[in-house]
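User: I have a model open and want to go through a few spots in it. Can you take my questions as they come?

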Amino acid sequence: MSTKLKTISSQEEQSNRSNLTKLFDESPIFQEEKVANSALFLKRQELSKILFFNEIYSKLIHTHGVIMELGVRWGQNLVTLSNLRGIHEPFNHSRKIIGFDTFEGFPSVSSQDGEADYNVKGAFNVSENYEEYLEQLLQCHVNESPLNHIKKNYVIKGNATETLKKYLAEHPETIIAFAYFDFDIYEPTLECLKLIKPYLTKGAIIGFDELCDPGFPGETEAVREVLGTNNYRIERNKYSGIQSYIVYE
């Protein structure tokens, strides 16, 4: 099932994006040059998110530990983070990047998630077996950086409230330098925040994709319950749309 995406864009913006998609599908660029020119179709909004992650990555360079993304979907953030690792610290083979997702959409929703029509079980799913494709895609990017024989990216399928608990039990050496929450909804955000707390180091960064977003109130509710929104300075940068973060001190 495809999902009606949440949008605050105007009709004119939606029409423009349809035209951009049409131009993408009809691209006359030579086949062997398409990937190298993919930024032709990168909108301002997607570029701003890359700049957001670049600033976050710059802040965590001197903090030891792994990076986790909790809620991956198509994997654009994972690819961005993997490439930023290749730019900022190509020889840091201990900087694992681990993504958790059901790859089947929301496993369930709670009353805390509101009543928007996109907050339903199964929403924001992906193509069947997409995680296998994403693994290959990530490896192609890793192959462009040094130490590409060492596995540093992991994609873990399943309900993260279970798979994250299992991963941490199997990897007691884990220290988390950056955890990015993009579940959108209450229950997995709540439970995974609880799970990661003992593994955070002072100075770790916790990022959020939908904090203070009226479309996904469950994320804010979970953060308020586990961390307390008045216990930390919730920061953004000049590139952020809705993305935000806290420094765990």
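What follows is a short exchange about helices, loops and a surface patch.

Analyst: This is a predicted model, in which local features need pLDDT of at least 70, side-chain atom pairs count only at pLDDT 80 or more, and totals for chains, interfaces and linings use all residues. Residues are numbered from 1 along each chain as its sequence is written, and side-chain values use heavy atoms, with hydrogens and water left out.

User: How do the axes of H5 and H6 cross?

Analyst: The axes of helix H5 (residues 160–170) and helix H6 (residues 186–196) come within 9 Å and cross at roughly 15°. H5 is therefore roughly parallel to H6 (angles under 35 degrees count as such). Axes here are lines fitted to C-alpha atoms, for helices over the stretch in contact, with angles from 0 to 180 degrees between N-to-C directions. Helices (H or I, at least four residues) and strands (E, at least two) are DSSP runs, numbered from the N terminus.

User: Now the loops. Where is Asp184?

Analyst: Asp184 sits in the loop between strand E4 (176–181) and H6. Its phi is near 80°, a positive value in a residue other than glycine.

User: Is Asp184 buried or exposed?

Analyst: Asp184 is buried, because its relative accessible area is 8% (buried means under 20%, exposed over 50%, partly exposed in between, with a 1.4 Å probe and protein chains only). The C-alpha atoms of Asp184 and Phe106 are separated by 9.0 Å, and the two residues are 78 apart along the chain.

User: Which phi does Phe103 have?

Analyst: Phe103 has a positive phi of about 55°, although it is not a glycine. Most residues other than glycine have a negative phi. Phe103 is in the loop between strand E2 (97–101) and helix H4 (130–142), and it is buried at a relative accessible area of 4%.

User: Different topic. Which residues form the nonpolar patch on the surface?

Analyst: Leu42, Leu47 and Leu51 form it, with about 220 Å² of accessible area together. Patches are made of residues with over 30% relative accessible area and no salt bridge, with like charges joined within 9 Å and nonpolar side chains (Val, Leu, Ile, Met, Phe, Trp, Tyr) within 5 Å. A salt bridge is a side-chain nitrogen of Lys or Arg within 4 Å of a carboxyl oxygen of Asp or Glu. Accessible areas come from the Shrake-Rupley method with a 1.4 Å probe, and for residues only the protein chains shown count as cover.

User: And where does Leu51 lie?

Analyst: Leu51 lies in helix H2 (residues 44–60). Leu51 is partly exposed, with a relative accessible area of 32%.

How values were computed:
Angles under 35 degrees count as roughly parallel, over 145 as roughly antiparallel, 65 to 115 as roughly perpendicular and the rest as oblique.
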